[in-house]
Amino acid sequence: FSNTELLYRSGWRGVNIDAAPGSMEPFRRLRPRDINLEMGVAATAEERDFYVFDEPALNTFDEGRAKSIAKPPYRIVKVVKVRCAPLATILREHELERIDLLTIDAEGYDFEILKTLDWDVSRPKVVLTEALYTNADAPYANDITKLVTTDLHRFLDERGYRLFSKAFNSVFYVRD
């Protein structure tokens, strides 16, 4: 289900960040030109509890969400401490400024991650984000009219991005 595998095969390079323990092993093997980091992205540099499920798609930093979905057939396998840092810090540490595509799939933390980018330095041409949990008061999984009322949408709009497309849970913004 990779949004970036085809781009990699076409010669692109990127930074893959995933907090799940062991997640970067296949990336290091299959995408050796990329920078592959097993960590989280957060507003501040810190360690956070990461809830690991028997179904990896459910892994999350969100304790409340973890507890609410930890019911049969799913269960929390372990809770691990994961190093986190702002995206701007991570990019600076790896001497990266230019970004063509920023794709985020962080189970409800997409907006928090977007806010950690230094928008004066890194101005992606395209931002792809997941439209699942951005505003509890404006769920919009299948409603584009509600999507444009979210804080995430306003945040990107204020930075010169316009909504370009929506495909199931993925929302594409392009820089004006």
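**Notebook: salt bridges**

I looked up R31 and found it buried, at a relative accessible area of 5% (buried is under 20%, exposed over 50%, partly exposed in between, with a 1.4 Å probe and protein chains only). The model is predicted, so I kept its limits in mind: local features need pLDDT of at least 70, side-chain atom pairs count only at pLDDT 80 or more, and totals for chains, interfaces and linings use all residues. Residues are numbered from 1 along each chain as its sequence is written, and side-chain values use heavy atoms, with hydrogens and water left out.

Next, the partner of R31. Its side chain meets that of E5 in a salt bridge, 3.9 Å from N to O (a side-chain nitrogen of Lys or Arg within 4 Å of a carboxyl oxygen of Asp or Glu). R31 sits in the loop between α2 (24-30) and β2 (35-37) and E5 in helix α1 (residues 5-9), so the pair ties together parts 26 residues apart in sequence. Helices (H or I, at least four residues) and strands (E, at least two) are DSSP runs, numbered from the N terminus. E5 is partly exposed, at 23% relative accessibility.

I then checked E112 and R48. Their side chains form a salt bridge at 2.9 Å, N to O. E112 belongs to helix α5 (residues 110-114) and R48 to strand β4 (residues 46-53), so this pair links parts 64 residues apart in sequence. R48 is buried at 18%.

Last pair: R98 and D100 meet in a salt bridge of 3.0 Å, N to O. R98 is exposed at 67%, while D100 is partly exposed at 23%.

I also noted a network: salt bridges with shared partners join E5, R9, R31 and D34. The structure holds 12 salt bridges.
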